[in-house]
Every structure is written in structure tokens, then in C-alpha cells.
Protein chains: 2
Amino acid sequence: MTEVATVRRSRITPEREAELYAAVLDLLREVGYDALTMDAVAARTRSSKATLYRQWGGKAELVVRAMRAQKPGVISDIDTGSLRGDLHGLISQDDCVMEENAALMRALAMAVHMNEDLRRAFKDLLVEPEVAEFQAIVRRAIERGEVRADNPALDYMVHMLVGAFATRTMIDERPPTREFLISYIDAVVLPALGVSPR
Amino acid sequence: MTEVATVRRSRITPEREAELYAAVLDLLREVGYDALTMDAVAARTRSSKATLYRQWGGKAELVVRAMRAQKPGVISDIDTGSLRGDLHGLISQDDCVMEENAALMRALAMAVHMNEDLRRAFKDLLVEPEVAEFQAIVRRAIERGEVRADNPALDYMVHMLVGAFATRTMIDERPPTREFLISYIDAVVLPALGVSPR
């Protein structure tokens, strides 16, 4: 899938692609996933629907790739030498970006329930690659001897982190700020892994 | 609010109330929250809409009270003498009931995003009372000396538990079984609190 996507992507310039993705996210914020149409994306970006379908295959893939492109930073660039440093590095972006991300994720979370296409694209293009990069951080912590390879909390890394993000919104009705997530990592994630947060 | 609700509730028998709540949950499963109408509830239960409104005030309160009534067991009855025992006791129900609960919660989670009334009822009648009862379990663990009163993970008890429940469905696309939740409590929640899971 990645290879096919790369070939398709190469037909437009990176600048044009960034412009298109920004327009898709604007539309997503304005009308939500269900009401977002390829017609509207074509009109907003002055491109033809045929081009959009050729490059992205469909609405689900276009939206998920736009989400992915907008995420600042690349997990695989993070390598601070400690698990605490790496985990904090994952969330070192400013709160405005984070809040915007959370709002987009909330909008999509509902649509994901209803659309099998979107659920698939979301998992294949956004969740799985991030989880794979994330596993590299954890693997290095094990190699350094920071975390025991048989620590049972290792099976729940993603549940802990995504759970904190999701429940902050659901239960506290507050955006998951940088301060909240760092405090959660130090209070919950590191102690569960047997790593001292100091 | 609780006092007013008790007075209202006393006008019908507990059996009739249970019957009504079961019918509301059946309708919720069949059509979802948005399409569920007081007319349909009245027809299904052979009651008058006036009665329903007098007893429950509205759809949001009726649905949330039906959810609450259906939960088996009462948290405040749990007191096993250890934090691990109490936390495991929270989820000692069979997997069918749990899966059914999770399906209802997913249906409601989407509606909660859209309906301010439902969000309010959900928080006041379901989340807050459960959190309060849950805090009693934690308080006893502190009094017994099992958990230090200044353990920073204490602030995130609800995030950890609700997060596990939610992410199991979202990420793994599997129901949060008893086995999963017990394993999560032992691997994450207890170590984060500095309590040995054995």
C-alpha cells in the first residue's frame, strides 16, 4: 500500500500537496467528515475530482493522509537517550496545535464508528505506522536496561497513552495539554514500567 | 437533584420501573439515541408520554437512568480488604453483560458529543456518582497504608480505568473482557500506585 501511495503522490508537488491537505482539514473542521464531499474539495482547491480520485483513491484516504501530514515532527527522529526524554519528546508541541489535533480527532472519532472505509484508512495509514515507530522507542529502553523485557505494562503502552488523550477530553472536558500529558506520563506510564520519573 | 428524582421515582413500582428501563435500552440498541423518541417509549411500554415526562423530565434523563439501573452490583458494597481485591471486584461480572454495556456505551458516546442535555445527565447521574463511590475504595487503600496519599497516580485513577475500557474498543476493536481489564489493572494501575499486583 505504501509503495502504491508513493507512486501516486509523486505526480504532484509537495507544495501543492500541502495546500490540498490544508484545504481538506479546513473543510473537515467546517462541515465534519460525513458532509465533506470530493466536490467541495475539488472546488476549494481548484482541482478536478478525477485528479483527487487518481491521487488518493477516495475520501477516507485523502482525509487520513491530510491528518497525518499535519502532525508536526516525526517520532523516529526522537532519540534522547532515556525513555522519559523520548516520551516527553513525543508531545513537545505547543498546546494550540495539540488542541486543534484533539478537535480533529474528536470529529473523526465519531465518523470512524460509522464508516468502514475510514476505519481501515485510519488504522493502516495513521495508527499502525505511529505504533510501529513508537515501539522503536520502547525497544531502545529495553536495550538500555531501563525497562525489563517481560514487564507486563509493555503490552499496554498504546492503551495508556491514547487512553489519557481520550479521557482528558471525555471526562474532564478539557483539551489534553502538554502539561497534562507530561504529568500523566510521569505519574502513570513510567511507574507502571518500573522507571523512576525523576 | 437526587432528592427530586427520588420523589418522582416513588410514583411507580420498582417492577414497573425495571420494565420501562429494559424497554428503553432495547430501543436504544435498536435505533440509537438520536432516533429514539418518547413516543416510541410510550408505545412500547404502554404508558402515556405525560407520565414519562413527569417521572423523568426528558429523554436524556430517562436513557441515563436506564443505563444506570442496568449496571449489576453497587460499587459501595465492595470492600475486600485490599486495593487489588476491590479493583478486581469492580469488574467481576460476566463478559456478555460487559460486552452489552460496551455496545451501549459506544452508542451513547457518539450521542454525548452532540447533545448537551445528554452530556449533562450522563455526567450528573452516571459518571459523578460512580467516581464518588470509586474514591471511597481509593481512600480505604490510603488509610490501610497500601497507597501513599501523595502518589501522583491518584489523580489519574479514572483516566486509567476508563482509558483502558475505551481504547480496548477503539484500538484493538475488541470488547473489554474481564480478563483484559484484570490484566490491565495488574500491569498498569497497581504498579502506578506502587502496589504489588501479587
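Mentor: The discussion below sets computed values against the definitions behind them.

Mentor: This is a predicted model, in which local features need pLDDT of at least 70, side-chain atom pairs count only at pLDDT 80 or more, and totals for chains, interfaces and linings use all residues. Residues are numbered from 1 along each chain as its sequence is written, chains are lettered from A in the order in which they are written, and side-chain values use heavy atoms, with hydrogens and water left out.

Trainee: How many helices and strands does chain A have, and what counts as one?

Mentor: Chain A has 10 helices and 0 strands. Helices are DSSP runs of H or I with at least four residues, strands are runs of E with at least two, and both are numbered from the N terminus.

Trainee: Why does B:Ala60 count as buried?

Mentor: Buried means under 20% relative accessible area, exposed means over 50%, and partly exposed lies in between (1.4 Å probe, protein chains only). B:Ala60 has 9% relative accessibility, and therefore counts as buried. This residue is found in helix 5 of chain B. Leaving aside neighbours within four places in sequence, B:Ala60 is in contact with B:Tyr33, B:Asp117, B:Leu118 and B:Ala121, where contact means heavy atoms within 4.5 Å.

Trainee: What span is expected of helix 8 of chain B, and what span does it reach?

Mentor: The expected span is 1.5 Å times one less than the number of residues. Helix 8 (residues 116-143) of chain B has 28 residues, and its 38 Å from first C-alpha to last is close to the 40 Å expected.

Trainee: Where is the kink in helix 8 of chain B centred?

Mentor: The kink, of about 40 degrees, is centred on B:Lys123. The bend at a residue is the angle between axes fitted to the seven residues ending there and the seven starting there.

Trainee: Against which helices do the buried residues of helix 8 of chain B pack?

Mentor: They pack against helix 2 (14-35), helix 5 (59-70), helix 6 (83-90), helix 7 (95-114) and helix 9 (157-170) of chain B. Among the buried residues of helix 8 are B:Leu118, B:Phe122 and B:Phe134.

Trainee: What makes B:Arg140 and B:Asp86 a salt bridge?

Mentor: A salt bridge is a side-chain nitrogen of Lys or Arg within 4 Å of a carboxyl oxygen of Asp or Glu. The N to O distance for B:Arg140 and B:Asp86 is 3.1 Å, and the pair meets that rule. B:Arg140 lies in helix 8 of chain B and B:Asp86 in helix 6 of chain B, so the pair ties together parts that are 54 residues apart in sequence. B:Asp86 is buried, because its relative accessibility is 0%.

Trainee: Which residue forms a salt bridge with B:Lys49?

Mentor: The partner is B:Asp39, with the closest N and O atoms 3.3 Å apart. B:Lys49 is partly exposed at a relative accessible area of 34%, and B:Asp39 is partly exposed at 48%.

Trainee: How many salt bridges does the rule find across the interface of chain A and chain B?

Mentor: The rule finds 0 there, whereas the count over all chains is 24.

Trainee: What area is buried between chain A and chain B?

Mentor: Buried area is the accessible area (1.4 Å probe) that two parts lose on being put together, summed over both. Between chain A and chain B the value is about 2,500 Å², of which carbon and sulfur atoms give 71%. A:Met110, A:Tyr156 and A:His159 supply 24% of the area that chain A buries against chain B, more than any other three residues.
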